[in-house]
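This report starts from a single residue and then widens to the whole chain. Please have the model open while reading.

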Amino acid sequence: MKIHEKIKALLEKKGWKLKRLHREIQESFEEDSIGYRTLLRTIHGQTKLRESTLFQIASALEMRTEDIRGNTD
């Protein structure tokens, strides 16, 4: 499983849409949050996942980056 597929699966498990994930990231990181389009491209595997992006996603999902990265290609 690729990391973007795992992130999608985690969102589905929580019942979240991409918009909800972005809202959570914005609330936590305010003006330093990643943009919606960056998040969209990341979730669809259209861009290389940066460590800072993964950190923001993991924080919003209340997980550690290692837990998301684990068992992925």
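## A buried threonine

Threonine 53 counts as buried, at 4% relative accessibility. Buried means under 20% relative accessible area, exposed over 50%, and partly exposed in between (1.4 Å probe, protein chains only). Threonine 53 sits in helix H4. Helices are DSSP runs of H or I with at least four residues, strands are runs of E with at least two, and both are numbered from the N terminus.

Which residues does threonine 53 touch, leaving aside its neighbours within four places in sequence? The contacts are Ile34 and Thr42. Contact means heavy atoms within 4.5 Å. Serine 33 is 20 residues from threonine 53 in sequence. The C-alpha atoms of these two residues are 8.6 Å apart in space.

## Basis of the model

The model is predicted: local features need pLDDT of at least 70, side-chain atom pairs count only at pLDDT 80 or more, and totals for chains, interfaces and linings use all residues. Residues are numbered from 1 along each chain as its sequence is written, and side-chain values use heavy atoms, with hydrogens and water left out.

## Fold and dimensions

The protein chain has 5 helices and 0 strands. From the N terminus on, the order is α-α-α-α-α. The C-alpha trace spans about 30 × 25 × 20 Å along its principal axes.

The radius of gyration of the protein chain is 11 Å, which agrees with the value near 11 Å for a compact globule of 73 residues. That radius is taken over C-alpha atoms, and the globule rule is 2.2 Å times the number of residues to the power 0.38. Among contacts with a separation of 6 or more, 56% link residues 24 or more positions apart.

## Surface and charge

Of the 73 residues, 34% count as buried. The chain exposes about 5,000 Å², and carbon and sulfur atoms supply 44% of that area. Accessible areas come from the Shrake-Rupley method with a 1.4 Å probe; for residues, only the protein chains shown count as cover.

The chain carries 15 positive and 12 negative charges, with mean positions 6 Å apart. Lys and Arg count as positive, Asp and Glu as negative; His and the chain ends are not counted. Each charge is placed at NZ of Lys, CZ of Arg, CG of Asp or CD of Glu.

## Two positive phi angles

Most residues other than glycine have a negative phi. Glutamate 62 has a positive phi of about 55°. Glutamate 62 lies in the loop between helix H4 (51-60) and helix H5 (65-69). Its relative accessible area is 71%, so glutamate 62 is exposed.

Asparagine 71 also has a positive phi, about 60°. Asparagine 71 falls in the segment after H5. At 77% relative accessibility, asparagine 71 counts as exposed.
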